[in-house]
Amino acid sequence: MKRIFILGGGFGGLYTALELADKEWPDPPEIVVVDRDRQFLFTPLLYELVTGEMEAWEIAPSFDSLLSSTSVQFRQGEVEQIEISTRRVTLQDGSHLNYDYLVLALGGDTLFAGVPGAREYALPFRELADAEALKADLEKWQRRTDRFAVAIAGAGASGVELACKLVDCLGDRVEVRLIDRSDDILKGFQPDSRQAARKALQQRGVVVQLDTSVLQVGEDFILTQTGDAIETLPVARVLWTAGVTVNPAVEKLSLAKSDRDRVSISPTLQTLEHPEIFALGDLAEGRDAVGQTIPATAQSAFQQASYCAWNLWALATAGEGKAARPLLPFRYLPLGEMLSLGTDSASLSGLGLAFDGPLAYLARRTIYLMRLPTLNHQLEVGWNWVTKPLFAEVQRWMQGDRP
């Protein structure tokens, strides 16, 4: 029996596993997903957990529940070391996993870039625990009567979306500052997305500080520099969305890497030296079948999963009574960009369309509903979205809050 180990249960890892489980295998392999958390996290909807628009079970279902009807096994653990020469993975608890094929889909960790105090005092926004911590802060802030400030380091998608959500939830009592070293927000995004985001930030009074570096983060302040001007801003919290670094276990690997320390991959998503190792998502870097640079986004990982599963299946079944199947070079299809710009607004651009507002908010939610990992989970979440407001309305009616 061949052993396929998938390190990381994000979009690249989990969706690869689910597609592998649907393949026809002459001799079914052992397929194991390894992740440090017990729950899959649908990160594009993490903001909605903070604001109460969605519940934790909707965006963070357990791997056990998602994989219960498949042959895929789940193993919780933190990857400590990957030994390519012996094809062995060591977890932090000391256990070992020996593989025939390996998928690296561990994602990245928050990059604090050596800023003093950032690791100790700033709150990143990548994990379920981060969202829960921010939700607790939000509930506390909503009880405040004084005006206060929140700083967000990083004006990419996460920073912009958080800024809009916070103002919508807190109103005039909060001053949100969005800080970035670059000269514009949403670097790499389409002009329509940037324009919609600028309008949303301006309408909410978000202070955008570009060409600004963070020098230090304290428990209740942030120190910044814009040109020659240095400013200390008292804050209730610093949120950190400014960068991503490669997982330490991947960083140690003796594989060809880019100048950003990401694993170099071929169009078939295999590492250059070891065809039995695949790499997906934001830990990998390469070009697709037509020479496009593959962006390090959830959308890319989502698309890569199908190709990775096919190519793994083709390799693992070659010589087992069937003709070898060709490996398929990945071709990235830009499907557009979606941003949540508040609790009832969003922007959507791509495929010749560009619009924002409540309709884009509804479209974004619908598209993400269809991308949830399993049909059962899609149905459960969709049913909750339909019935939750109805039950809330009935409850208000029964309590006498009638028009």
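## Asp-184 and Arg-194

In this predicted model, Asp-184 and Arg-194 form a salt bridge, with N and O 3.4 Å apart. Asp-184 sits in the loop between β11 (174–179) and α8 (191–203), while Arg-194 belongs to helix α8; the two are 10 residues apart. Asp-184 has a relative accessible area of 17%, and it is therefore classed as buried, since the cut-off for that class is under 20%.

Side chains of opposite charge can pair when their charged atoms come close. In this structure the count of salt bridges is 21.

## Salt bridges of Glu-48

Which residue forms a salt bridge with Glu-48 at a distance of 3.9 Å? The partner is Lys-165, and the distance is the one between the closest N and O atoms. Glu-48 and Lys-165 are both buried.

Glu-48 also meets Arg-364 in a salt bridge, at 2.6 Å from N to O. Arg-364 lies in helix α11 (residues 358–371), and 316 residues separate it from Glu-48 in helix α2. Arg-364 is buried, as is Glu-48.

A further group of charged residues is joined in a network of salt bridges: Arg-36, Glu-78, Asp-109 and Glu-127.

## Glu-337, a buried charge without a salt bridge

Glu-337 is in strand β21 (residues 337–340). This residue is buried but has no salt bridge. The nearest side chain of opposite charge is that of Arg-194, 7.2 Å away.

What does the side chain of Glu-337 reach at 3.1 Å? It reaches the backbone nitrogen of Gln-190. The side chain of Glu-337 also makes a polar contact with the side chain of Ser-193, at 2.6 Å. Leaving aside residues up to four places away in sequence, Glu-337 touches Gly-188, Phe-189, Gln-190, Ser-193, Ser-347, Leu-348 and Ser-349.

## Helix α7

Of the 14 residues of α7, 11 are buried, so the helix is largely enclosed by the rest of the structure. Among the buried residues of α7 are Gly-159, Glu-161, Lys-165, Cys-169 and Leu-170. Just after α7 comes Gly-171, with a positive phi of about 65°.

## Helix α6

Helix α6 covers residues 128–141. At 1.5 Å a residue, its 14 residues should span 20 Å, and its end C-alpha atoms are 20 Å apart, which agrees. The buried residues of α6 are Leu-128, Asp-130, Ala-131, Leu-134, Asp-137, Leu-138 and Trp-141. These buried residues pack against α2, β9 (123–124), β10 (148–153), α7 and β16 (237–240).

The C-alpha atoms of Ala-129 and Glu-19 are 28 Å apart, and the two residues are 110 residues apart along the chain.

## The hairpin of β13 and β14

Strand β13 (residues 212–217) pairs with strand β14 (residues 221–226) in the antiparallel sense, over five bridges. One of the bridge pairs joins Thr-212 to Thr-226, which is in β14. The two strands, β13 and β14, form a hairpin, and three residues lie between them.

## Two residues with positive phi

Most residues other than glycine have a negative phi. Arg-87 has a positive value, near 55°. Arg-87 lies in the loop between β4 (79–83) and β5 (88–91). Its relative accessibility is 32%, so Arg-87 counts as partly exposed.

Leu-269 is not a glycine either, and its phi is positive, about 75°. Leu-269 is placed in the loop between β18 (263–264) and β19 (277–279). With a relative accessible area of 0%, Leu-269 is buried.

Conventions
Residues are numbered from 1 along each chain as its sequence is written. This is a predicted model: local features need pLDDT of at least 70, side-chain atom pairs count only at pLDDT 80 or more; totals for chains, interfaces and linings use all residues. Side-chain values use heavy atoms; hydrogens and water are left out. A salt bridge is a side-chain nitrogen of Lys or Arg within 4 Å of a carboxyl oxygen of Asp or Glu. Buried means under 20% relative accessible area, exposed over 50%, partly exposed in between (1.4 Å probe, protein chains only). Helices (H or I, at least four residues) and strands (E, at least two) are DSSP runs, numbered from the N terminus. Two strands pair if DSSP finds at least two bridges between them. Lys and Arg count as positive and Asp and Glu as negative; His and the chain ends are not counted. A polar contact is a pair of N or O atoms within 3.5 Å; within protein, one must be able to donate a hydrogen and the other to accept it, and residues adjacent in sequence count only if both atoms are side-chain atoms. Contact means heavy atoms within 4.5 Å. The expected span of a helix is 1.5 Å times one less than its number of residues.
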